[in-house]
Structure formats: C-alpha cells, structure tokens
Amino acid sequence: MEQLLTYLPDVLTWSNLLVLVCGSIGGLFFGAMPGLSPTMAVALLVPFTFYMPPVPSLLLLGAVYTSAVAGGSISAILLSIPGAPASIATLLDGYPMAKQGRAQEALYTTFFSSLIGGGALALIFLTPPMSEFAMKFGPSELFWTTVFGITVIAGLSSGAMLKGLFGGALGLLLACIGESNVTGEGRFIF
C-alpha cells in the first residue's frame, strides 16, 4: 500500500494522464479492428517506448492492452468477427442481440463489464497481501496445489475421466523435462 501512495503522484501528472487517455483511445481502435489483437498492439508500440521515460511508457502499454481487449468486443457484437481472442465469448451473446436491434445495450454491457471485470483496482489492492500469502507456500502446499490441478482436469473431462487423468500425467511428465527452475540444471535431457 505504501508503494501505491509513493508512485501515485507520478502517475497523476497532466502528461501521464494525457498518455493514458491517448493510449486508451488508440487501444479501442486497435481492438475494434479484426486481426489486430491486444498483443499485436503492444508489440507495435514497444519500439516507441524505448525513448520514453518508464512511467509514461508503462502507462501507454497498459492502457493500450486493456482497452484493446475491451475494443475487440465492438467488432464481435456488430460484425460477428471478434477483434481480440478474449471477445469470442462476447460474440456468442452480443451478435444475436445486435441482430435483434439491441446492439447499444450489448455494447454498454460489454464496456461496463470490462470496467468492473478488468480488475485493475482489485489487483492494485489485493496483489500485495496475495503475494505475501503465496511466499509462505512450501513444498507440501505446492504438492497439494498440483494434486488439486489434476483433480480439476479429471473433473472437467466429463465422461472421459481416465483420458483427463492421463493427459494431466503426461503434462506433468513433459514438465519434468528441461531446465530446473530452482537449480538451473538439466533434467531428463539425456
């Protein structure tokens, strides 16, 4: 929380707020164009941020990415073409609403949901306590988290639980091959 109060005055300068607004408007245009994903928008803007100070460049990239995700719903609702991969689910309900003449309602609902569901405020306030909690995880907690993940795989593979468990075991086996994240040594690379 103290870091938030330390860096907040840097963000709330006029120049940074202008970068935030321009990035949000540009991100909406990037997202609304089918074929230009939020990741593509950020990749195109990264070279421009090389000569910017750190705070405005991070604000620009964050604003473009989050608003491009929301902007992808515009073409999904109006044209039945998702502008971003995250907008595919919006297409299933939004386009039929647009065909019924309720496109404005679908767009309002989408943008309000993006505002609430974007979770920026939740991330700002909940990330520090969650990271402190996660740092207390030891080997036994990590093991049981893995077991929980495998049971989720088995539960989601309805009708073919054995296939789901086999797929989860195969994924764990493949994850053991390569460089260890802890020690940096090679495992099962022969």
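This is a predicted model: local features need pLDDT of at least 70, side-chain atom pairs count only at pLDDT 80 or more; totals for chains, interfaces and linings use all residues.
## Basis of the model

Residues are numbered from 1 along each chain as its sequence is written. Local features need pLDDT of at least 70 and side-chain atom pairs count only at pLDDT 80 or more, while totals for chains, interfaces and linings use all residues; side-chain values use heavy atoms, with hydrogens and water left out.

## Overall fold

The protein chain has nine helices and two strands, in the sequence order α-α-α-α-α-α-α-α-α-β-β. The chain is more spread out than a compact globule, because its radius of gyration is 22 Å, well over the 16 Å that the globule rule gives for 190 residues. (The radius is taken over C-alpha atoms, and the rule is 2.2 Å times the number of residues to the power 0.38. Helices, H or I of at least four residues, and strands, E of at least two, are DSSP runs numbered from the N terminus.)

The C-alpha trace spans about 50 × 50 × 35 Å along its principal axes. Of the 190 residues, 24% count as buried; buried means under 20% relative accessible area, exposed over 50%, and partly exposed in between, with a 1.4 Å probe and protein chains only. Among contacts with a separation of 6 or more, 48% come from residues 24 or more positions apart, a contact being heavy atoms within 4.5 Å.

## Second largest pocket

Leu172, Ala175, Cys176, Asn181, Val182 and Arg187 line the second largest pocket. By class, the lining has four nonpolar residues, one polar and one charged. (Ala, Val, Leu, Ile, Met, Phe, Trp, Tyr, Cys and Pro count as nonpolar, Asp, Glu, Lys and Arg as charged, and the others, Gly among them, as polar.)

A pocket is an open set of points on a 1 Å grid over the protein atoms alone, where a 1.4 Å probe fits, with protein on both sides within 12 Å along at least five of seven lines; lining residues have an atom within 4 Å of a point.

## Salt bridge

The structure holds one salt bridge, defined as a side-chain nitrogen of Lys or Arg within 4 Å of a carboxyl oxygen of Asp or Glu. Glutamate 105 pairs with arginine 102, and their closest N and O atoms are 3.0 Å apart. Glutamate 105 is partly exposed at 40% relative accessibility, and arginine 102 is partly exposed at 34%.

## Positive phi angles

Most residues other than glycine have a negative phi. Serine 80 has a positive phi near 65 degrees and lies in the loop between helix H4 (54-79) and helix H5 (88-99). Serine 80 is partly exposed, at 30%.

Phenylalanine 188 also has a positive phi, near 55 degrees, and sits in the segment after strand S2 (186-187). Phenylalanine 188 counts as exposed, at 53% relative accessibility.
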